[in-house]
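I opened this one to look up a few packing details and charge pairs. My notes follow in the order I checked things.

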Amino acid sequence: MSIRHGLLALLERGPRYGSQLRTEFESRTGSTWPLNVGQVYTTLARLERDGLVAPGGEDSAGHTLYAITDTGRHELHAWYERPVDRTNPPRDELSIKLAMAVGAPGVDIRAVIQAQRHATIQAMQDYTRLKAQALAAVESGRSGERDDVAWLLVLEQLIFQSEAEARWLDHSESRLVRLSVLAERRAAPPAPPTAAPDTADGPDAVAATTAQPSQGGLPHA
């Protein structure tokens with residue numbers, strides 16, 4: 001998550017102070033990724049160091065305001081145009097957990113998957129309910145529609161992400177079942193060879209019996 005660019009986007013709308021930026025950031029994203037004030041001011045200090053923002057005076061209450069610079073505006077729009085890099089995906093706790101659970105002594109990995117699937121589906125249902133509320137707010141045309149639309153987009157991404165995670169969990173469980181069956185087959189002892197059919201007099205007697213003519217002999221010409 002780029003807090004740095006998120007703050008630049010808010011500052012492009014006009015000078016703001018730290019607590020105001022925090023409130024607006026959380027309003028735009030529905031508090032999905034909450035910030036603390038210290039994190040905001042640390043990021044602002046780095047943006048100022050890099051020449052992307054500059055102090056913009058104070059408001060009537062004495063809050064220090066920050067304003068985006070031309071360099072910051074250029075960086076912001078370059079961020080909008082640049083695809084998000086997927087070559088170095090962020091660490092995912094669930095993926096790491098399942099990877100470590102494979103073969104771990106005393107761990108029922110299928111129970112881990114089932115517990116996570118329940119939690120994922122519950123989260124997806126919660127997101128879907130919030131989406132209905134956000135959609136109703138957007139369609140009502142009330143004030144603050146821009147934040148409602150932004151929150152709606154975030155919710156829909158969370159719903160799609162949850163759906164994909166649930167499908168991946170189903171796939172992982174099926175994969176483990178198939179691998180378990182294959183392992184059992186490899187570990188099973190080979191079946192004993194099938195014995196040839198037994199006859200009372202052995203194969204020579206069978207051949208001799210087959211070669212005997214019928215008692216009626218050959219028919220007369």
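Before the helix pair, a note on terms: axes are lines fitted to C-alpha atoms, for helices over the stretch in contact, and angles run from 0 to 180 degrees between N-to-C directions. Helices (H or I, at least four residues) and strands (E, at least two) are DSSP runs, numbered from the N terminus.

Ground rules: this is a predicted model, where local features need pLDDT of at least 70 and side-chain atom pairs count only at pLDDT 80 or more, while totals for chains, interfaces and linings use all residues. Residues are numbered from 1 along each chain as its sequence is written, and side-chain values use heavy atoms, with hydrogens and water left out.

**Entry 1: α2 against α7**

I started with helix α2 (residues 18-29) and helix α7 (residues 145-187), whose axes come within 6 Å and cross at roughly 60°. That makes α2 and α7 oblique to each other (under 35 degrees is roughly parallel, over 145 roughly antiparallel, 65 to 115 roughly perpendicular, and the rest oblique). Which residues make the contact? From α2 I noted Ser27, Arg28 and Thr29, and from α7 Arg146, Asp147, Ala150, Trp151 and Val154; contact here means heavy atoms within 4.5 Å. I sorted the residues of this contact into three nonpolar, two polar and three charged. The classes are Ala, Val, Leu, Ile, Met, Phe, Trp, Tyr, Cys and Pro as nonpolar, Asp, Glu, Lys and Arg as charged, and the others, Gly among them, as polar.

Eight of the nine residues of α1 are buried, where buried means under 20% relative accessible area, exposed over 50%, and partly exposed in between (1.4 Å probe, protein chains only). The buried set is Ile3, His5, Gly6, Leu7, Leu8, Ala9, Leu10 and Leu11. Their cover includes α2, α3, β1 (53-58), β2 and α4.

Then I looked up the largest nonpolar core, which has 17 residues. A nonpolar core is a set of buried Ala, Val, Leu, Ile, Met, Phe, Trp, Tyr and Cys residues joined through side-chain atoms within 4.5 Å. The residues with the most contacts inside this core are Leu7, Leu8, Leu11, Leu21, Leu44 and Leu47. Beyond four places in sequence, Leu47 touches Arg4, Leu7, Leu8, Leu52 and Val53.

**Entry 2: charge pairs**

I counted 13 salt bridges, each a side-chain nitrogen of Lys or Arg within 4 Å of a carboxyl oxygen of Asp or Glu.

Where does Arg82 lie? I found Arg82 in the loop between α4 (70-81) and α5 (93-101). Apart from neighbours within four places, Arg82 contacts His5 and Glu75. Glu75 and Arg82 form a salt bridge, with the closest N and O atoms 3.9 Å apart. Glu75 is partly exposed at 22%, and Arg82 is partly exposed at 41%.

Asp50 and Arg49 also form a salt bridge, at 3.1 Å, N to O. Asp50 is partly exposed at 33%, whereas Arg49 is exposed at 62%.

Last, I checked Arg129 and Asp126, which pair at 3.3 Å, N to O. Both lie in helix α6 (residues 109-140), three residues apart, about one turn of the helix. Arg129 is partly exposed at 47%, as is Asp126 at 25%. I also noted one network, in which salt bridges with shared partners join Arg110, Arg117, Asp170 and Glu173.
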